[in-house]
Amino acid sequence: MPLDPQSQWVLDLVKQSGRPSLDSLSPPQARAQFDETIIALDAKPAPMAAVEDKAAPGPHGPIPIRVYTPQGLGAGAAPLLVYVHGGGWVIGGLKSYDALCRALAAKSGCKVASVDYRLAPEHKFPAAVDDAWAALQWIAANAAPLGVDPQRIALGGDSAGGNLTAVLSHLAREAGGPKLAFQLLIYPSTDMRGGTESHRALSDGYLLTTPLIQWFVSHYLRSDADAADPRASPGLTRNLENLPPALVITAGFDPLRDEGIDYAKRLMAAGVRTTLSHYPGMLHGFLNMSGALDEAKRAVNEAASALAAALSKPA
């Protein structure tokens, strides 16, 4: 399928802006430019009943967590999505993911807790894993004061956040908890070694380029050897049995396409109830572009519907 015309419009807009590529910037400069771009392309932030900033104790200091409570949420303990943002472990945060987290909360009827883990290169692998894991454990342990049903906690994220979601799902299984009811994997990075056909065929021209991927990886990993660690490349985990049900969303013009599809198929083969939803005309990062892409709106609605179904109270 060809590139969606709206995706092409985004590519043209980025080109016409004259902005430098992220990999030509310092990490602080790239973070600022990324935030501006995402906020401009995303949908208007949905109103919430409450937005609260919390902090979970982490291995190297407090981890900021922003909790979104949608309007119309009934009384009693609520379902919750713990959201781990993307950005190559180097960029992204509470600000750039505010609109997406609000949309998922509003459309699913679930609370959303957005985790602001430490970023590379100031904090290299496995700092992001350690922070996200500590945040998940704290949220589960504090479900009651957070107004959350501990039996209805989902975990999700996009790109680097999808990578961390897969890793944390493995850690939770091995540790015997926290219990996760669902995992939302949005164009996840599952194999830091690259080498798939989509990496080769889509190396340039579609936002996430090979130089940008290398920029992210070089900032995040301590050495090439880290790429073989399942905490960095969750697709290298041999046993995928007994993991939470999953929705895996992939994009056709995304270098990470093939590793996401392969991971979804391996989950299915391991007996994990998994839905693979492929958007053939879309780019990497498209869920953050609901203000420009109709398919992004559809994908956000699909993710929210899957969350609502997975976290609904049993009859």
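Q: Contact means heavy atoms within 4.5 Å; with which residues is D98 in contact, leaving aside its neighbours within four places in sequence?
A: The model is a predicted one. In it, D98 is in contact with P45, R66 and Y68, once neighbours within four places in sequence are set aside.

Q: And where does D98 lie?
A: D98 is part of helix α3.

Q: Is D98 buried or exposed?
A: D98 has a relative accessible area of 15%. Buried means under 20%, so D98 is buried.

Q: Staying with α3, at what angle do the axes of α3 and α9 cross?
A: Helix α3 covers residues 98-108 and helix α9 covers residues 294-310. Their axes cross at roughly 50° and come within 8 Å of each other. That angle makes α3 oblique to α9.

Q: Is that crossing of α3 and α9 right-handed or left-handed?
A: The crossing of α3 with α9 is right-handed.

Q: Which residues in α3 and α9 meet?
A: From α3, the residues are L100, A103, L104, K107 and S108. They meet V300, N301, A303, A304, L307 and A308 of α9. By class, the contact of α3 with α9 has eight nonpolar residues, two polar and one charged.

Q: What about α4 and α5: how do their axes cross?
A: The axes of α4 and α5, the latter spanning residues 160-175, cross at roughly 60° and come within 10 Å. The two helices, α4 and α5, are therefore oblique to each other. Their crossing is right-handed.

Q: Which residues of α4 and α5 make the contact?
A: On the α4 side they are A128, V129, A132, W133 and L136. On the α5 side they are L164, V167, L168, L171, A172 and A175. The contact of α4 with α5 has 11 nonpolar residues, with no polar and no charged ones.

Q: New topic: how many residues has the largest nonpolar core?
A: The largest nonpolar core has 87 residues. Within it, Y83, Y220 and F286 have the most contacts. Helix α4, residues 127-141, supplies the largest share of this core, with eight residues.

Q: Which residues does Y83 touch?
A: Residues up to four places away in sequence are not counted here. Among the residues that Y83 touches are Y97, L100, C101 and L104, as well as V112, A113, S114 and V115. Y83 also touches G156, G157, D158 and I186. Another core, of 10 residues, lies apart from the largest one, and includes A166, L185, L240 and V272.

Q: Why might such side chains gather together?
A: In soluble globular proteins, nonpolar side chains tend to be buried together.

Q: Moving on, where is S277 found, and is S277 buried or exposed?
A: S277 belongs to strand β8, residues 274-283. With a relative accessible area of 10%, S277 is buried.

Q: Which residues is S277 in contact with?
A: Its neighbours within four places in sequence aside, S277 is in contact with L247, V248, I249, T250 and E302. As for D53, S277 is 224 residues from D53 along the chain, and their C-alpha atoms are separated by 32 Å.

Q: And L73, where is its place?
A: L73 sits in the loop between β2 (61-69) and β3 (78-84). Its relative accessibility is 28%, and L73 counts as partly exposed. Not counting residues up to four places away in sequence, L73 touches A78, G109 and K111.

Q: How many Å apart in space are L73 and L236?
A: From C-alpha to C-alpha, L73 and L236 are 39 Å apart, and they are 163 residues apart in sequence.

Q: Now the backbone: which residues does the cis peptide bond with omega of about 5° join?
A: That cis bond joins A120 and P121. P121 is in the loop between β4 (111-115) and α4.

Q: What is omega for the peptide bond from G177 to P178?
A: Omega is near 0° there, and the bond from G177 to P178 is cis. P178 is in the loop between α5 and β6 (182-186).

Q: Last one: what is phi of S159, and what is phi of L207?
A: Phi of S159 is near 55°, a positive value in a residue other than glycine. S159 lies in the loop between β5 (148-158) and α5, and at 10% relative accessibility S159 counts as buried. L207, which is not a glycine either, has a positive phi of about 75°. L207 is in the loop between α6 (197-201) and α7 (210-220), and with a relative accessible area of 30% L207 is partly exposed.

Notes: Residues are numbered from 1 along each chain as its sequence is written. This is a predicted model: local features need pLDDT of at least 70, side-chain atom pairs count only at pLDDT 80 or more; totals for chains, interfaces and linings use all residues. Side-chain values use heavy atoms; hydrogens and water are left out. Axes are lines fitted to C-alpha atoms, for helices over the stretch in contact, and angles run from 0 to 180 degrees between N-to-C directions. Helices (H or I, at least four residues) and strands (E, at least two) are DSSP runs, numbered from the N terminus. Angles under 35 degrees count as roughly parallel, over 145 as roughly antiparallel, 65 to 115 as roughly perpendicular and the rest as oblique. A crossing is left-handed if the near helix is turned anticlockwise from the far one by less than a right angle, and right-handed if clockwise. Contact means heavy atoms within 4.5 Å. Ala, Val, Leu, Ile, Met, Phe, Trp, Tyr, Cys and Pro count as nonpolar, Asp, Glu, Lys and Arg as charged, and the others, Gly among them, as polar. A nonpolar core is a set of buried Ala, Val, Leu, Ile, Met, Phe, Trp, Tyr and Cys residues joined through side-chain atoms within 4.5 Å. Buried means under 20% relative accessible area, exposed over 50%, partly exposed in between (1.4 Å probe, protein chains only).
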